[in-house]
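Here is a short briefing to read alongside the structure. Keep the viewer open and follow the topics one by one.

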Amino acid sequence: MTQQLNADLHCHSVVSDGTLTPEELASRAKANGVALWALTDHDEIGGQARALAAARAVGLPYLTGTEVSVTFANVTVHIVGLGFDPTDPAIERGLRETRGGREERARQMGAELARVGIPDAFEGAMKYVGNPDLISRSHFARYIVESGHCPDTNAVFRKYLAEGKPGFVPHRWASLGDTVRWITGAGGVAVIAHPARYKFTANEEFALFNEFKTHGGRGVEVVTGAHSQADAVKYAEFCREFDLVASRGSDFHSPDESHTDLGKLPELPAGLTPVWSLLESRIQ
């Protein structure tokens with residue numbers, strides 16, 4: 001496969017915090033010209049069989065995927081896994097354990113939001129949850145918009161749900177080393193998702209990439225919905241410095257919330273090795 005392929009290897013369905021089903025995403029990806037697709041629900045692979053069947057039904061090449069929540073330097077970092085065996089017991093067990101603390105965290109978020117004048121937020125968020133194991137800040141954001149406290153979900157995160165705001169409750173997720181080993185042990189490739197979002201210092205960012213590489217991580221999202229053109233240039237250089245492959249994904253969650261639609265990303269910067277070049281035998 002060529003470097004410049006309209007691959008979209010990062011998006012979310014109702015199985016985690018997206019608003020479309022795996023079947024709707026497959027159809028949308030195909031209609032938007034995607035040539036290689038992966039569904040990467042948060043800490044969950046329960047939608048993989050549906051996504052693969054839907055991709056086959058519309059003639060869309062597919063890679064298995066997930067996005068794992070990791071705690072690194074007291075910050076939540078996301079690692080995308082691509083092309084792994086979804087029946088591998090270690091990755092299934094690891095993801096189940098990672099999901100385990102979400103309900104208690106969500107109840108704490110509801111209590112914190114009640115203190116600042118948003119009652120019943122936990123119950124309200126649950127109306128938007130497709131998978132009870134995966135209640136997230138996005139579900140709270142949708143309820144807070146519905147209840148009239150903010151005009152859109154981006155405003156909710158800025159006012160209530162980002163670190164340091166009234167509804168933010170930290171959670172300790174999986175370790176970086178364990179996550180990379182689950183993915184690679186199941187035959188997949190581990191990728192650092194949207195690195196520009198983490199706001200690390202230069203030393204912290206170097207430590208993240210160095211440790212990731214040491215554990216067997218192979219890729220970084222260079223082009224993604226949250227990245228500017230300058231971010232893409234910067235992380236293309238990280239690819240070269242750390243000898244990593246480049247990935248590409250919209251991080252699409254919803255037609256109403258996501259500013260980048262499936263398949264509507266810029267091309268990868270020239271001269272990089274795309275992640276799909278390592279996974280040709282895993283494309284279904």
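Predicted model: local features only at pLDDT ≥ 70, side-chain atom pairs only at ≥ 80, totals over all residues.

**The chain as a whole**

- The protein chain has a secondary structure of 10 helices and 7 strands.
- Its radius of gyration is 18 Å, close to the 19 Å that the globule rule gives for 284 residues, so the chain is as compact as a globular protein of that length.
- Along the principal axes, the C-alpha atoms of the protein chain fill a box of roughly 55 × 45 × 40 Å.
- Of the 284 residues in the protein chain, 55% are buried.
- Taking contacts between residues at least 6 apart in sequence, 73% join residues at least 24 apart.

**The sheet**

- Five strands form an open sheet with mixed pairing, in the order E3-E4-E5-E6-E7.
- Strand E3 (65–72) and strand E7 (245–249) stand at the edges; each has a single partner strand, so one side of each is left without a neighbour in the sheet.
- From one strand to the next, the twist averages 40°.
- E4 and E5 run antiparallel and are joined by 4 bridges; glycine 81 has alanine 190 in E5 as its bridge partner.
- E5 and E6 pair in the parallel sense, over 2 bridges.
- Strand E6 (residues 219–224) runs parallel to E7, with 5 bridges between them. Within E7, alanine 246 stands opposite valine 220.

**Helices on the sheet**

- H8 packs on the sheet, where it touches E3, strand E4 (75–82) and strand E5 (189–192). The direction of H8 makes about 10° with that of E4.
- H9 lies across E3, E4, E5 and E6 and runs at about 175° to E5.

**Salt bridges**

- In general, side chains of opposite charge can pair when their charged atoms come close.
- With a cut-off of 4 Å between nitrogen and oxygen, the count comes to 13 salt bridges. Three of them are described here, starting with a pair that involves H6.
- Glutamate 146 forms a salt bridge with lysine 127, with the closest N and O atoms 2.9 Å apart. This pair links distant parts of the chain: glutamate 146 is in helix H6 (residues 137–146), lysine 127 is in the loop between helix H5 (121–126) and H6, and the two are 19 residues apart.
- Glutamate 146 counts as partly exposed at 43% relative accessibility, and lysine 127 counts as exposed at 56%.
- Arginine 181 and aspartate 178 meet in a salt bridge through their side chains, at 3.2 Å from N to O. Because they are 3 residues apart in helix H8 (residues 176–185), about one helical turn separates them.
- Arginine 181 is partly exposed at 44% relative accessibility, and aspartate 178 is partly exposed at 34%.
- Glutamate 205 forms a salt bridge with lysine 234, with the closest N and O atoms 3.2 Å apart.
- What is the relative accessible area of glutamate 205? The value is 8%, so glutamate 205 is buried, whereas lysine 234 is partly exposed at 35% relative accessibility.

**Cysteines**

- How many disulfides are counted? The count comes to 0 disulfides.
- Cysteine 150 counts as buried at 8% relative accessibility.
- Cysteine 239 is buried as well, with a relative accessible area of 3%.

Conventions. Residues numbered from 1 in each chain as written. Heavy atoms only, no water. Buried < 20%, exposed > 50% of the residue type's maximum accessible area, 1.4 Å probe, protein only. Disulfide = S-S within 2.5 Å. Pairing = 2+ DSSP bridges. Axes fitted to C-alpha atoms, helices over the stretch in contact; angles between N-to-C directions. Contact = heavy atoms within 4.5 Å. Rg over C-alpha atoms; globule rule 2.2 N^0.38 Å.
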